[in-house]
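Please guide me through the fold of this protein, one feature at a time.

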Amino acid sequence: MLRFGILSTAKIGRELVIPAIQDAENAVVTAIASRDLAKARALADRFSVPHAFGSYEEMLASDAIDAVYIPLPTSKHVEWSIKAANAGKHVLCEKPIALKADEIDGLIEARDRNKVLVSEAYMVTYAPVWLKVRELLASGAIGTLKHVQGAFTYFNRDPSNMRNIPELGGGALPDIGVYPTITTRFATGKEPQRVQATVERDPDFGTDIYASVRADFGDFELSFYISTQLAGRQLMVLHGTKGYIEVKSPFNADRWGAEEVELTSQDHGQSQIFRFQDSRQYRREIEAFAAAASGKGGEVVTLESSRNSQRFIDAIYRAAEQDGWEKV
């Protein structure tokens, strides 16, 4: 059993990841840390976790854990991932793991020097829906892929929310722009070559709140829009010469809607629906990470892949400052 320490009492940890770890077959939460010991103790009691710490440093120094899950504000991800690696702990860090691609070089160095696993927590890459999409593309089910279309939006103007605070790494692209990009890269195994983009910022917060992106992958294009100030929507469609694939709940597979992939034929005369019941993508993420950390296999998001993901996002920001294409 891989013993996890949770570095903070953040909402995503409380509501999604801690339950997933406790539900996993090869992992368990043995410690929770917070800057406020009372908060750590309260969350530890809620989940029957034996250890609570009043500082992150104290937990990293403990031999009660083998790995840490980091759901801190984005601006703290690199710092604490490196500190955890230097403490000899495996690291599962929430996305985005960095705000600039070159920051990930330091993470790779810390990973290699300390011989630990460091992985970015993209739960979608463990979801059965996206594993099925990857399988269908590889089998030629839609012929030659020519276009991927995506959207991810929600509405949030809470000034106290980290997504609306630039100093904490807020913004639509770091928060949700990473999803159409990672799923396209994951399913196709391809990388973008150049991008065009429009990005809008909130006049009060200063964070990016809308982006419309066109990315050239060489053999196909990806076009998507995202926003943190539009009515909620999630969409991913992969269109080929012989048919198309629509992912019904592409990102929040266990909460948004039906966990389904629909394959439609070229003449629109036949459809196949692949349905996945209770896929528990967070649990799958934890089990794959724990297996990989224990040397027992398990496909995880590598830091090299994370660096390519962030290069994509960095290029979108640069493209928004000019007309025409920007090289990734």
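**Reading the fold**

A: The secondary structure of the protein amounts to 9 helices and 15 strands, where helices (H or I, at least four residues) and strands (E, at least two) are DSSP runs numbered from the N terminus. This is a predicted model, in which local features need pLDDT of at least 70, side-chain atom pairs count only at pLDDT 80 or more, and totals for chains, interfaces and linings use all residues. Residues are numbered from 1 along each chain as its sequence is written, and side-chain values use heavy atoms, with hydrogens and water left out.

Q: In what order do the 6 strands of the open sheet with parallel pairing stand?

A: Strands of a sheet pair through backbone hydrogen bonds, either parallel or antiparallel. Two strands count as paired if DSSP finds at least two bridges between them. Here the order is β3-β2-β1-β4-β5-β6. Because β3 (51-53) and β6 (118-121) stand at the edges with a single partner strand each, one side of each has no neighbour in the sheet. From one strand to the next, the twist averages 25°; axes are lines fitted to C-alpha atoms, for helices over the stretch in contact, and angles run from 0 to 180 degrees between N-to-C directions.

Q: How many bridges join β1 to β4?

A: Strands β1 (residues 2-7) and β4 (residues 67-70) run parallel and are joined by 3 bridges. G5 has V68 as its bridge partner in β4. Helix α4 (residues 77-86) lies across β1, β4, β5 (90-94) and β6, at about 165° to β5; contact means heavy atoms within 4.5 Å.

Q: Which strands make up the open sheet with mixed pairing?

A: Its 9 strands follow the order β14-β13-β12-β11-β7-β10-β9-β8-β15. The edges are β14 (271-275) and β15 (326-327), each with a single partner strand, so one side of each lacks a neighbour in the sheet. Strand β8 (residues 194-201) runs antiparallel to β15, with 2 bridges between them; the partner of R194 in β15 is K327.

Q: Which strands does helix α9 lie across?

A: Helix α9 (residues 303-319) lies across β8, β9, β10 and β15, at about 70° to β8. Helix α7 (residues 172-188) lies across β7 (145-155), β8, β9 (208-216), β10 (221-227) and β11 (229-240), at about 155° to β10.

Q: What share of the 328 residues counts as buried?

A: Buried means under 20% relative accessible area, exposed over 50%, and partly exposed in between (1.4 Å probe, protein chains only). By this criterion, 55% of the residues are buried.
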